[in-house]
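Have the sequence and the 3D view open while you read.

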Amino acid sequence: MTYSEQDSLNPAPLDVVVIGGGVNGTGIALDAAGRGLKVMLCEMNDLASATSSSSSKLIHGGLRYLEFYEFRLVREALAERESLLRNAPHIMWPMRFCLPHQPHLRPAWMIRIGLFLYDHLARRELLPASKGIRFNEDSPLVRSITRGFLYSDGWVDDARLVVLCAKAAAARGALIRTRSRCVSAVREGTLWRVVVEDLHSGEQSEYQCRALVNAAGPWVSKVLTQAVGQTAAKQIRMVKGSHIVVPRMNIGEHAYILQNSDGRIVFVIPYEDDFSLIGTTDVDYQGDPSQVSISSEETDYLLAVVNSHFRDTISVSDIVWSYSGVRPLMDDESASAQKASRDYSFELDAPAGAAPLLSIFGGKITTYRKLAEAATDSLCQFFAGAGPAWTSKATLPGGDFLDQPSLQRELAGQYPWLPVKVLKRWVRTYGTLCRHILADCDSLESLGEHYGAGLYEQEVSYLVREEWACTVNDIIWRRTKLGLQLQQAAYPALEHKIAQLLGSRATAPVETENP
């Protein structure tokens, strides 16, 4: 079954409308569309424009969650880690983490037991086991740190994960509407009447659907009260996580997990070849999620933790970029934000003879697929013809290859004129989808205008045409991370090209500031 924009002129009822274009919303849209349901997703901004592009970029079980006895969550996340690494080798890959040991931490034997549990709570096939290590003179850590541990987890390009889920959903017939806000959703017996507003044109469209999913993340309660007119049965706790990016501190490909004396965790992760990503902070947040930003106290905290561990110290002047996101966690009345559960929960409102409403609370990026599967399972009781669960072994778009080095070699042989740095970035961003960018190209000149930092006209055209990119920020911060390198002098030409490609679909003025 497919649903196109033309259908909205004389629409038959949809099966499912999903509100929210983050990882949970796009994951549910993909799962439901793959089971044969007619799906529409609306997102008021860009895909992954909030929480889902502001994570620590990790696919991990959550080693520290063992301290809070969340064994089921850790087990599920560890199992999902293996599945995701197989399904998307372009945007996810294994990473080894160094855990330095210091006197203020738990005894080494206790950490060793925790790592043993982490290795064995779920089946592990792709990643090596943990082990103890000694730091020598070549270590970037302060000389007082002489021993530690090495364990495995994974890396993910979080925003691209969301875009690829949306692409996969669209390929299975789902309609993806970005810059489209759900104005209202009214129950009319066994159907919902949903009004969606195009935030550029102001035009409103009306849809009917048999089930409604509220996956609005930090706005989940607001959607319930303002659009649906219901009181939220569960409350969320908004927790702000902030990160800074500095010139590369990591040696080799290892990441570091630093345990501060206050019990909080800070990661130092290799990032975009030339940088290190440092975070996160985990502090309660009460404001507008769209206005979140790092505070001076958070910045000072991250700098202090890193400087207490690394020989080469850093300061505010070294920060090249920072970002913050709000995690919509379930309010379990934990004393601190760090202890708030990262687990997820649903609230299914389905009175007899009335169209169901499914609201999503909490969650973490590693378990998005499992959350989406469980959410779609709960909806399928209302759709007798829906297919079975299917996503556990489903490759995401562009992921149909063995590994990154082999794909790089294959493409280098076919396109020897393509700069190595561009080729490497495209493989880890698009996988085999980069063939769509290279279609009909036979030289560097055929890629069109070069905006700098390896960004060419052909890539921009692909992102606007195939991946819902409408603004400069969509391209340089979410579809890629070229904002770290692209000069602002290139923005006007890039903005002009985007407007040209969009034509009548052009959005309101293209933002050019860092998100």
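Where is the place of Ala453? Look in the loop between strand E19 (450-452) and strand E20 (455-456). Helices (H or I, at least four residues) and strands (E, at least two) here are DSSP runs, numbered from the N terminus.

Before we go on, a word on the ground rules. This is a predicted model, where local features need pLDDT of at least 70, side-chain atom pairs count only at pLDDT 80 or more, and totals for chains, interfaces and linings use all residues. Residues are numbered from 1 along each chain as its sequence is written, and side-chain values use heavy atoms, with hydrogens and water left out.

Ala453 is not a glycine, yet its phi is positive, at about 60°. With a relative accessible area of 32%, Ala453 is partly exposed (buried means under 20% relative accessible area, exposed over 50%, partly exposed in between, using a 1.4 Å probe and protein chains only). Glu272 also has a positive phi, near 50°, and is found in the loop between E13 and E14. Its relative accessibility is 21%, so Glu272 counts as partly exposed. Then there's a cis peptide bond between Gly279 and Thr280, with omega about 20°. Thr280 is in the loop between strand E14 (275-279) and strand E15 (283-284).

**Rings that meet**

Rings of Phe, Tyr and Trp (its six-membered ring) pair if their centres lie within 6.5 Å; planes under 30 degrees apart count as stacked, over 60 as edge-to-face and the rest as tilted. The model has eleven aromatic pairs by this rule. Here are two of them:

| Pair | Centres apart | Angle of planes | Type |
|---|---|---|---|
| Phe97 and Phe267 | 5.9 Å | 75° | edge-to-face |
| Tyr256 and Phe310 | 5.3 Å | 75° | edge-to-face |

Phe97 in strand E4 (residues 92-100) and Phe267 in strand E13 (residues 265-271) are 170 residues apart, so this pair links distant parts of the chain. Both Phe97 and Phe267 are buried. They also belong to a cluster that ring pairs form with Tyr118 and Tyr151. In the other pair, Tyr256 counts as buried at 4% relative accessibility, and Phe310 does too, at 2%.

**Empty spaces**

How do you find a hole? Rolling a probe the size of a water molecule over the atoms shows where empty space is left. On a 1 Å grid over the protein atoms alone, a cavity is a set of points where a 1.4 Å probe fits but cannot get out, and lining residues have an atom within 4 Å of a point. A volume is the space filled by probe spheres set on the points, which are joined across faces, edges and corners.

How many cavities of 30 Å³ or more does the count give? It comes to four.

Note on methods. On a 1 Å grid over the protein atoms alone, a cavity is a set of points where a 1.4 Å probe fits but cannot get out, and a pocket is an open set with protein on both sides within 12 Å along at least five of seven lines; lining residues have an atom within 4 Å of a point.
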